[in-house]
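Work through the two exercises below with the sequence and the structure side by side, and try each task before you read its solution.

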Amino acid sequence: MNKLFSRSAFLPFALGIALLAGCNDVSTELKAPVYSTGIAKDETHTSAFAKQFPSQYASYMQNNESEVMTKYKGSIAFHKEDEINPLPEGFKQGSQPYLKNLWLGYPFSYEYNEARGHTYAVEDIVNIDRHDRFSADGKGHMPATCWNCKTPRMMLWIKEYGDKFWSMDFNTFRPKDKISMDESISCSTCHDPQTMELRLYSEPLRDWLQRSGQDWAKISRNEKRTLVCAQCHVEYYFTAKGNGPHQRPVFPWDLGKTPEAFYEYYKTHGPKDANGKETPFTDFVHAASKVNIIKMQHPDYETFQDGPHGAAGVACADCHMQFVREDGKKVSSHWMTSPMKDKELRACRQCHADKTAEYLRSRVHYIQDKVYEKLLAAEAMSVKAHEAVRLANDWSGNRAPNYDKLMQEAREMVRKGQMFWDYVSAENSLGFHNPTKQLNTCMTSYESSQKAVDLACQATQYGIAPALAGDIRDIVPPIRKLSRKLQQDADFLQQHPWTKLLPVKPQHKQVWNGQEWIGDGPQPDLLHSMK
């Protein structure tokens, strides 16, 4: 090999090593200091850490900000389906108009907001319409599992109630004597209060590590700086009755951490049939198409871990809890937020020091613009697929000889199309964590939903085709309003072709306002009234 060729080949290699070293310099394996705080091991209140860790506490309280936005994401808790009422000028909001349509028949259709900071976790969950605030018996009609990612008090509840906790009613733990606003996602969610070492708090992550033969004590600190976030920023489901502790959360990672792996995994893990065989898992039955739907949660970790940054060994904390200098000391900021909120993009430029903030911001927006465009296309096609199956279900004209087989496949394609759309929709980076995966997932969603439309048309010998011709927004408009209270109004439900398919809820006034009981009579004791 001549020397000139050797040098030219070496230069990019050396540059690559240098860039990797830059990233690894952020994700250092240097030992973190070990403390003896004197704080109780089971402490769950954030304020208990303020005196000993004033800098970290002050930056953590920055999560209270609720008015700062990036182009697509941020801290304003707007309704994510609202494309009519714009946010302040300069913010695109990233609304998805068909959210209520696609979750019709499931509590997510009542209210789904852009998330605020971790300090609001308890406040927001007791005020969301997904948990029933109108029930005569005071129950939320959702499992206590919903508390899993909202408070470190979970550890005390599991210790007290064991696996019985998961299937208890959510509202059992709603009142102020059960949970305080000072027990939101915070210090003791991620740290041992006595030593401040990163700790495992999540039962489903503990289960996964055991299933996969991993020992938390032997995992590198850098990996833990991602896994403490992956305790909640993940896809999960609640165990079906008969498959283990009822409603216990599970991470469906046994076949892999991709949407394709999840799709295969959810072909089982539902309730067992008469022969003892697991049926396909489902979260809810769609009110229009009657298809069994899987609701994705927020697969941030699964998306990130094999994306450009995750594969390079960058940890969540490197970007979302950037290092800052205070009094000459290097401190991890506990304002857990998007690095895009920093005008100088200092978290990004720890590694990308050769790029300007303006250039890096433009690259992020380029990725997000492309993914958002494809996400909306997949969303609209998923709605069309539901409508096609709804029409085909009710079709009384000529049917194909293999109608039942075609419809079975069409329903499966509706299910797949919506699950793949939701994988991208529910993930919080709008594609940035893994552009290739998210664009590919949008494509799979679109193609699956289009296949569902084609199959439903074939099943009806194209009898439903004229009803599907044209713009889907004219055929099935976005559902602008829907709540538990509005579902008590029969006249309101008749105003949209899909909401008229919902059952009318019994008339009842609101009985919970946040943590306050405002119903008639004394507050029900849900804990001691359990059967």
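Rings of Phe, Tyr and Trp (its six-membered ring) pair if their centres lie within 6.5 Å, and planes under 30 degrees apart count as stacked, over 60 as edge-to-face and the rest as tilted. The model is predicted, so local features need pLDDT of at least 70 and side-chain atom pairs count only at pLDDT 80 or more, while totals for chains, interfaces and linings use all residues. Residues are numbered from 1 along each chain as its sequence is written, and side-chain values use heavy atoms, with hydrogens and water left out.

**Exercise 1.** Find how many aromatic pairs the whole structure holds, and classify the pair of tyrosine 236 and phenylalanine 238.

Solution. A search of the whole structure gives 27 aromatic pairs. In the pair of tyrosine 236 and phenylalanine 238, the centres are 6.0 Å apart and the planes make an angle of 20°, which is stacked. Tyrosine 236 has a relative accessible area of 17% and is therefore buried (under 20%; exposed is over 50%, partly exposed in between, with a 1.4 Å probe and protein chains only).

**Exercise 2.** Classify the pair of tryptophan 253 and tyrosine 301, and state which parts of the chain the pair ties together.

Solution. The ring centres of tryptophan 253 and tyrosine 301 are 5.4 Å apart with planes at 40°, so this pair is tilted. Because tryptophan 253 lies in the loop between strand E2 (249–250) and helix H9 (259–265), and tyrosine 301 in helix H10, the pair ties together parts 48 residues apart in sequence; helices (H or I, at least four residues) and strands (E, at least two) are DSSP runs, numbered from the N terminus. Both tryptophan 253 and tyrosine 301 are buried.
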